[in-house]
Amino acid sequence: MTSKGFTRRDFLGRTTAGLAGAAVSPAILGFDRQSAGETTGNQFQRSVSDFNTEVERLPAEELYDYHKRLSAGPVHVWRRDLETQREKSEMSVPDKGWTITWATGSSVIMENAVRDFCDYLDKSHRVQVEREAKDSLRDWKRYRRRIVAGTKEQLPGCGKTLKKTKDYEIQVTPDSIVVCGYDERGTMFGLYNLEARMNLREAPFLPKDLKVVRHSLYNTRMVLSWMGWMEWPDQLLSHLAHDGFDGIFAGVYTNPNGDRTTAETSTDFYARLMYGVRKQDPEKIKDLIKRASGFGIKVYTPIIWQYLGTKESEEELRKLVRDIVTEFPDIRGYVLLTEGFWYKKWGGGHGASKEYLQEWARNWSYAAGIVEEECHKINPDIEILPWEYNIDFRPQNTEIKRYFIQQLPENTTPMLTWENGKSFEIDGMQGYLRDYSLNQIGPAEVTDAQIDEARKRSMNVFSKVDTFASWQYGTIPYLPCPYQWYDRYSALEKYGISGTLESWSSGYKPNFISQLRAWTCWTDYPSRDELLKQIASVIFGKNQQEQVLKAWEHFSQAIRFVPDTGPNMGTNNAVGNPLFFQVPPARTGTFDYSWGDPSWRVPFNPYWPFTVSRMVFFPDFSNRINKAEQYARSATGIVAGKETKILPVFLKYLKKAIDEMEKGLILYRAAAVNSPERKREEAVREVVVAEQLQRMMQSDYAILEFEDLRLQLVKEKSKGAFETILDRMESVLKDEVERTKLSLLAATKDSRLGFQFEQDYVYTPYSLTEKLKVLTDTLNSQLPDARKKGYF
């Protein structure tokens, strides 16, 4: 028996696609297994069976188990490959006999970094080094059998070309390692880069003549926590620093001092939404600032205010800013996001006149200027980051977006949304990204124009840009599409973005994509192919490199085909969303006839209340609206006449993505099965993540196809055609039953799946079990009843 009372046969017996499942099997999709190295169907099935056995061996996880591990588990784990031999060109840090030296009186940043490096060598490689603080490091060139960690001021003659914070130089000889930072943060990141190099080598080996100078490409890299709204345990902060982050954005939609004036006094729509946001505890912010500083991490927060354009509103805003900056002198900067910092009436200006938007831009920018002025009176180094996210980002709106940059106060730094609104062509029709998505590299046309405008004003540019996870498949912990991610990193470097906010509510959690990203944030990083080869070897073993790299190529191609862009049902809850044939019984109280507006008072669908309503695909059972067609239009951003059907095109490209995922998964599963035993569990988990990504695509396809068929069935008068449609619906249902069982198995093995902190868990093992009940009832009762009656 497997967990949750399902037998092996229940999970595996009725599908030839194993954990890939399929709304359409590889054969139906036209997939050629020989192109992926499989020569016969028997070999394919045997490979899938072998992999499924490995999945079943994984330990079961309850909800939030990964949260607990990330909060309380060790930062460093065993990484050494005892079979790895040192090459002639390399030096090795021996198991005993070396010392790490740093300057007495260093800050907590240096103390923590030195302690961390010693812990890393011990836990990951069983290498023990002594620690010794010295009053002076001036004789650093004479030290032997030592790791020396200091700044350019502490190490005379070293680090001469370092230019700014976070820069570092590494010098290696056969019997010494020197890490010299521009400042202590640079030294910290240099030590962590040593760890990253040893991780890729899977041994405490380094080139014995290594000399590298690395300049930071970004003034700031900040991120949100995946774990929750104000969940920032020390272990997470440490992981962040190891992945090259030096900033966090904390307390979304709240003032750091807990001020709720706007939320509690305004009648504006968005202020009412702010009213429902958790109350901020100022002491938590102060504690976070203190703890984060020990890891060299800066804290950024929002400022929440509805500026009304009156003298009274301006005076109150000035007071709020002064109060915040006085109470929190160590907050590094403030993000003025239009979702929470706005002028008069909130909204994105869709359909508004040019004059209205320009007037809104001038007043909003004036309010940003108030914040800048009051902050800089107290501390000129505070960063003010205006972010006009909600203003229409479609390609045709470049003029207005430029206008916003033109109005910003001189001493602010625009925060630009990177990819949202990027146009794309799909079968001759123009669509645009509806939200954060990876299928386009970016930047969006409007962002390109804004960067150009900012350069004309000699302004630095920050950007909100996803670099490892996205709202597109936000309930997948990261997107295993490294070639596509890498192209985005290259574009960020090309455009000279100086600071980043690299997640929104998908947040940060350690993964191999975030490790890849860390390398590209300083100059002089290895080539893409070299990095990916080494990462593939670390996870799957050296003999599996080729298969893994090819799998990643397929996954990267697959995401480019996906037409579903943004935080939708299809990209986040499809595996947890039933295929509704008839109106189901209510699972909560209903509000269809109450005096309240259920869309406002009840954020859940009573027929499927396991996540917020916008994540549920629910048919129009009056049969007036084809919700599947409506969904396809909305998710792609395609504007076309009613006579143009978007759904067939949507499904065509979603199928292309499914095909590519399956090609990659055949290789990926084989690589995991053939990986060394000590790497097997991690390798299998990587494959399960990719499989769940494909299953999300497949369920998205099935849900929309099923609904389109349901509406065809309603109108069908021919008995023969009626039976044919029912046959297809039955086939789709059967595949979805199998896929849901497999999704359930995956969710019981990996508690990251289904979680997205803006909604907490979007789907859970429990809701997947409930979905199975709906599907089974539909398959065994509702469809046979319709078939018996001969009408629907």
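**Stop one: a pocket**

Start by selecting α5, which gives the most to the lining of the second largest pocket, with seven residues. Keep in mind as you click around that this is a predicted model.

How big is the volume of the second largest pocket? It comes to about 1600 Å³. To find the middle of it, select Val77, Arg79, Pro510, Gln515 and Glu682: of the 48 residues that line this pocket, these are the closest to its centre. Next, colour the elements that give two or more residues to the lining: α3 (65–72), α5 (184–201), α6 (234–242), α15 (512–519), α16 (528–540) and α22 (677–715).

Now show the aromatic side chains.

Select Phe580 and Trp608. Their rings sit edge-to-face, 6.3 Å centre to centre with 75° between the planes. Phe580 is in the loop between α18 (569–572) and α19 (598–601), while Trp608 belongs to strand β22 (residues 608–612), so this pair ties together parts that are 28 residues apart in sequence. Are these two buried or exposed? Phe580 has a relative accessible area of 3%, so it counts as buried, and Trp608 is buried as well, at 1% relative accessibility.

Next, move to Tyr607 and Phe618. Here the ring centres are 5.3 Å apart and the planes are at 10°, so this pair is stacked. Tyr607 lies in the loop between β21 (604–605) and β22, and Phe618 in the loop between β22 and α20 (627–636), so to speak two distant parts of the chain linked across 11 residues. Both fall under the 20% cut-off for buried: Tyr607 has 16% relative accessibility and Phe618 has 17%.

Which residues form one aromatic cluster? Select Phe249, Tyr253, Phe269, Tyr270, Trp342, Trp346, Trp387, Tyr389, Phe393, Tyr436 and Trp504, and you have it on screen.

**Last stop: arginines over rings**

Finish with two arginines. Select Arg221 together with Phe245: the arginine lies over the face of the ring, 4.0 Å from the ring centre. Then pick Arg272 and Tyr275, where Arg272 lies over the face of Tyr275 at 5.1 Å from the ring centre.

Key:
Residues numbered from 1 in each chain as written. Predicted model: local features only at pLDDT ≥ 70, side-chain atom pairs only at ≥ 80, totals over all residues. Heavy atoms only, no water. 1 Å grid on protein atoms, 1.4 Å probe; cavity = no way out; pocket = protein on both sides within 12 Å on 5 of 7 lines; lining within 4 Å. Points joined across faces, edges and corners; volume = space filled by probe spheres on them. Helix = DSSP H or I, 4+ residues; strand = E, 2+ residues; numbered from the N terminus. Phe/Tyr/Trp six-rings, centres within 6.5 Å; stacked < 30°, edge-to-face > 60°. Buried < 20%, exposed > 50% of the residue type's maximum accessible area, 1.4 Å probe, protein only. Lys NZ or Arg CZ within 6 Å of the ring centre and 35° of its normal.
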